[in-house]
Amino acid sequence: MKELVVRLKIFLDYKNIGIIDLSVILGYNSPQKLYRLFNTENASPSCQIIEDVSNKFQELNLNWL
């Protein structure tokens, strides 16, 4: 897993948010792209995922991520 994905996972664990919950929060029709992100080696999130996460979780420091 890339460091960005690992840090996103740390943040989600801290907030006690699972993949399905995140999918709902972000307004996605399906959690499929999030499953791929967290379960595919060397996957990187799309700019859209990063933007969606940063818009919903303003407390998340993108520099840390």
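Asn16 is exposed, with a relative accessible area of 67%; exposed here means over 50% relative accessible area, buried under 20%, and partly exposed in between (1.4 Å probe, protein chains only). Asn16 belongs to the loop between H1 and H2, and its phi is positive, near 60 degrees, although the residue is not glycine. The model is predicted: local features need pLDDT of at least 70, side-chain atom pairs count only at pLDDT 80 or more, and totals for chains, interfaces and linings use all residues. Residues are numbered from 1 along each chain as its sequence is written, and side-chain values use heavy atoms, with hydrogens and water left out. Helices (H or I, at least four residues) and strands (E, at least two) are DSSP runs, numbered from the N terminus.

**Helix H1**

- H1 has 13 residues and spans 18 Å from its first C-alpha to its last, close to the 18 Å expected at 1.5 Å a residue; the expected span is 1.5 Å times one less than the number of residues.
- Val5, Leu8, Phe11 and Leu12 are the residues named as buried in H1.
- Viewed down the axis of H1, these buried residues fall within an arc of 120 degrees, so they line one face of the helix; the arc is that of the directions from the helix axis to the C-beta atoms.
- An α-helix has 3.6 residues a turn, so residues three or four places apart point the same way.
- Glu3 and Tyr14 are exposed on the other side of H1.
- The cover over the buried residues of H1 includes H2, H3 and H4, where contact means heavy atoms within 4.5 Å.
- Asn16 follows H1.

**Helix H2**

- Within H2, the residues Ile19, Leu22, Ser23 and Leu26 are buried.
- They cover an arc of only 105 degrees around the axis, which puts them on the same side of H2.
- Ile20 and Val24 are exposed residues on the face of H2 turned away from its buried side.
- The elements covering the buried residues of H2 include H1, helix H3 (32–39) and H4.
- Gly27 follows H2 and has a positive phi, near 80 degrees.

- Ile20 is part of helix H2 (residues 19–26).
- When neighbours within four places in sequence are left aside, Ile20 is in contact with Pro31 and Tyr35.
- Ile20 and Lys33 are 13 residues apart along the chain, and their C-alpha atoms are separated by 11 Å.
- Lys33 lies over the face of Tyr28, at 4.2 Å from the ring centre; a charge sits over a ring if NZ of Lys or CZ of Arg is within 6 Å of the ring centre and within 35 degrees of the ring normal.

- In H3 the buried residues are Leu34, Leu37 and Phe38.
- Seen down the axis of H3, they fall within an arc of 85 degrees, so they line one face of the helix.
- Phe38, at 8% relative accessibility, counts as buried.
- H1, H2 and H4 are among the elements that cover the buried residues of H3.
- Asn42, in the loop between H3 and H4, has a positive phi of about 60 degrees although it is not a glycine.

**Aromatic pair**

- Rings of Phe, Tyr and Trp (its six-membered ring) pair if their centres lie within 6.5 Å; planes under 30 degrees apart count as stacked, over 60 as edge-to-face and the rest as tilted.
- By this rule the count is one aromatic pair.
- The ring centres of Phe11 and Phe57 are 5.4 Å apart and their planes stand at 80 degrees, so the pair is edge-to-face.
- Phe11 lies in helix H1 (residues 3–15) and Phe57 in the segment after helix H4 (47–56), so the pair ties together parts that are 46 residues apart in sequence.
- Phe11 counts as buried at 7% relative accessibility, and Phe57 counts as buried at 7% relative accessibility.

**Ser54 in helix H4**

- Ser54 lies in helix H4 and is buried, with a relative accessible area of 18%.
- A polar atom of the Ser54 side chain lies 2.9 Å from the backbone oxygen of Glu51.
- The C-alpha atoms of Phe38 and Ser54, 16 residues apart along the chain, are separated by 17 Å.

Key: A polar contact is a pair of N or O atoms within 3.5 Å; within protein, one must be able to donate a hydrogen and the other to accept it, and residues adjacent in sequence count only if both atoms are side-chain atoms.
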